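Biologist: Could you take me through how salt bridges are read from a set of coordinates? I would like the general idea and then the particular case.

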Amino acid sequence: MNIERNQIEQHNDSLLTSHQRKLNFLKEEWSHIDLESVIQKLVDFQIAIPSWALGTGGTRFGRFAITGGEPRTIEEKIEDVGLLHALNGASGAISLHIPWDIPQNAEALKKLASGYGLKFDAMNSNTFQDQAGSAYSYKFGSLQNVNAAIRKQAIEHNVEVIKHGIALGSDALTVWLADGSCFPGQLNFRKAFENTLESLQEVYSALPDNWKMFVEYKAFEPNFYSTTVGDWGQSLLYASKLGKKAYTLVDLGHHLPNANIEQIVSLLLMEGKLGGFHFNDSKYGDDDLTAGSIKPYQLFLIFNELVEGMDAKGMNHAKDLGWMIDASHNVKDPLEDLLQSVEAIMIAYAQALLVDRKALNTAQDNNDVAKAQEILQNTFRSDLRALIAEARLRTNAALSPIGLYRELSVRQNLVKDRGLGTVATGL
């Protein structure tokens, strides 16, 4: 399904007066800030959509394809991301997971994606599941495995993913490993680390010069005693040993409860080893909930450190780090959920852009704790949705993405086109 330009324009016309009133209020309230510069940064900021998030997610206990109309092919996944991008103007990239989405005709896919204004973001390998036709199982690990033949199989898979990415115009590989152990004594930690490092070094050697490798960490699951890349320190250790093209990737859900993610972000930026983000939210653990749905203040604080750290290094906010959603949608329409996540991320980013850095630095230098808190919380409590809406308006997207999505009965039309029982490839 395509959303036509005139449908967006008619929708926006009906909301324009209300939107302009809210925007004028913000311009008056923040008259001391160059809001045009902020809006332009919001226009430029793009958040990649993972191909696996376009269908209904699941848990270890089951998966329920309750919405229907899920994308059955890579082409239909590109179409769905095109829908999101048309609605919000901020979802201009798709990230593929191999072998869930193996490209058969890279040139045709590039042409299709370009037609929707999309590019291909980081490629994602998969050695946390046994693949059909593979000679060996990853039951006891992949790149860490004590069996050299299994490690070789996992290495070759990652190299294959790089080749697919080259053909599609991607420039990054994300490696997440489920490797670890479930019981004490099962694994020699040192040997597991060394095997993993040697395996990653072989994959790293296959990277083109302009590529990055993102080493993603996770505290637990599916192994519950140890994880071989279990936290940001271990990921940083791998990335530092691998070389200048290797970076740590931060998934917001991949932390133990109450971890200070904003501090982790700050230090990784300081070391020049922060590669990018996978956005989601959590209440208990790696819950993969809609970004900003549980801890919006934490999301703002993370962006506060990101903006401060990137500005300190003269980095381009939109291009120098990887930005992607990584969530699972068990009870919502996946496309509505993704629209909500993008909105929450853009709001947190806008809030961070409006923080009075000079005043905050002064408060910090004077140990004025109350003032520092007031500066951050006053910005966080400001309703900046009109700024994000204005950025959408300037990219010819919808003032109310979910509102238009429902007005046009997008899900119902997808069900009509694809069927009620369709299930997206992937999880």
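Modeller: Residues are numbered from 1 along each chain as its sequence is written. This is a predicted model, in which local features need pLDDT of at least 70 and side-chain atom pairs count only at pLDDT 80 or more, while totals for chains, interfaces and linings use all residues, and side-chain values use heavy atoms, with hydrogens and water left out.

Biologist: What counts as a salt bridge, and how many does the structure hold?

Modeller: A salt bridge is a side-chain nitrogen of Lys or Arg within 4 Å of a carboxyl oxygen of Asp or Glu; the structure holds 17 of them. One of these joins the side chains of Lys110 and Glu107, at 3.8 Å from N to O.

Biologist: Where do Lys110 and Glu107 lie relative to each other?

Modeller: Helices (H or I, at least four residues) are DSSP runs, numbered from the N terminus. Lys110 and Glu107 are separated by about one helical turn, because they sit 3 residues apart in helix H4 (residues 106-115).

Biologist: Which parts of the chain does the pair Glu343 and Arg392 link?

Modeller: Glu343 and Arg392 form a salt bridge with their closest N and O atoms 2.6 Å apart, and this pair links distant parts of the chain, Glu343 in helix H10 (residues 334-353) and Arg392 in helix H13 (residues 385-394), 49 residues apart. Both Glu343 and Arg392 are buried.

How values were computed
Helix = DSSP H or I, 4+ residues; strand = E, 2+ residues; numbered from the N terminus. Buried < 20%, exposed > 50% of the residue type's maximum accessible area, 1.4 Å probe, protein only.
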